[in-house]
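Reader: I have a sequence and a 3D structure to look at, and I would like to go through them by question and answer. Please show them first.

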Amino acid sequence: MSDKRLKKEQLKKQLFTKNRLVILNEDTFEEIFSLKLTLMNVFVVASIGAILIITVTTFIIAFTPLREYIPGYTSTKLKKDATELALKSDSLEFAIKKNEIYLQSIQKVLNGNLQYAKVNKDSILAISVDTLPDLQLTATESELKLRKEVTDEEKKAKENREKKIEKRK
């Protein structure tokens, strides 16, 4: 037999050799507990125990409030408060903007730049709605040139298709 095979058989023999674990009372040498074990049984039980401990710890951390102590996790209450505060700040910004526009129009009236009849809070608020400015977009020379080239190519392709169709007839 080869050396590798001998080593494998010897290892197998050591793993499956039955040993006895005995717990004795030191004073009376009375046997309290006795258990027959193999090295393989000890290895399997230790592995399963380690896997169970890791799994239970992971579930405890993931599904209880303990996860808040891990960096990167935030509490649900904190997230809820942050969204509420963001909504409140947005509405307050809008209210401040409306009030500033109203005060500016009142200043115009007091300075004599605007007639009183034109100052109405509803009309001012309607004007204050943000709108995009009308942009007059014009094409550059290179864009116009490209457009012309594309239309010319499309016309040529259409003419070629029509010629092919006529040849088939």
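Reader: How many residues does helix H5 have, and what distance does helix H5 reach from its first C-alpha to its last?
Author: The model is a predicted one. In it, helix H5 covers residues 141-168, which is 28 residues. At 1.5 Å a residue the expected reach is 40 Å, and the model comes close to that. From first C-alpha to last, H5 reaches 41 Å.

Reader: How many of the 28 residues of H5 are buried?
Author: Buried means under 20% relative accessible area. H5 lies largely in the open, because the number of its 28 residues that count as buried is zero.

Reader: What percentage of the residues of the whole protein count as buried?
Author: The protein exposes about 16,300 Å², and carbon and sulfur atoms supply 60% of that area. Of its 169 residues, the share that counts as buried is 4%.

Reader: What does helix H3 reach from its first C-alpha to its last?
Author: Helix H3 spans residues 76-111, a run of 36 residues. Just after H3, Gly 112 takes a positive phi of about 90°.

Reader: Is Thr 38 buried or exposed?
Author: Thr 38 sits in the loop between strand E2 (31-37) and helix H2 (39-62). Setting aside neighbours within four places in sequence, Thr 38 is in contact with Leu 15, Phe 16, Thr 17 and Lys 18. Its relative accessible area is 9%. The cut-off is under 20%, so Thr 38 is buried.

Reader: Which residues does Leu 15 touch, not counting those up to four places away in sequence?
Author: Leu 15 belongs to helix H1 (residues 3-16). Its relative accessible area is 22%, so Leu 15 is partly exposed. Beyond four places in sequence, the residues that Leu 15 touches are Thr 38, Leu 39 and Met 40.

Reader: What separates the C-alpha atoms of Leu 15 and Leu 39?
Author: Along the chain, Leu 15 and Leu 39 are 24 residues apart. Among the contacts in the protein with a separation of 6 or more, residues 24 or more positions apart account for 13%. The C-alpha atoms of Leu 15 and Leu 39 are separated by 4.8 Å.

Terms used:
Residues numbered from 1 in each chain as written. Predicted model: local features only at pLDDT ≥ 70, side-chain atom pairs only at ≥ 80, totals over all residues. Heavy atoms only, no water. Helix = DSSP H or I, 4+ residues; strand = E, 2+ residues; numbered from the N terminus. Expected span 1.5 Å × (residues − 1). Buried < 20%, exposed > 50% of the residue type's maximum accessible area, 1.4 Å probe, protein only. Contact = heavy atoms within 4.5 Å. Areas by Shrake-Rupley, 256 points an atom, 1.4 Å probe, with all protein chains shown as cover.
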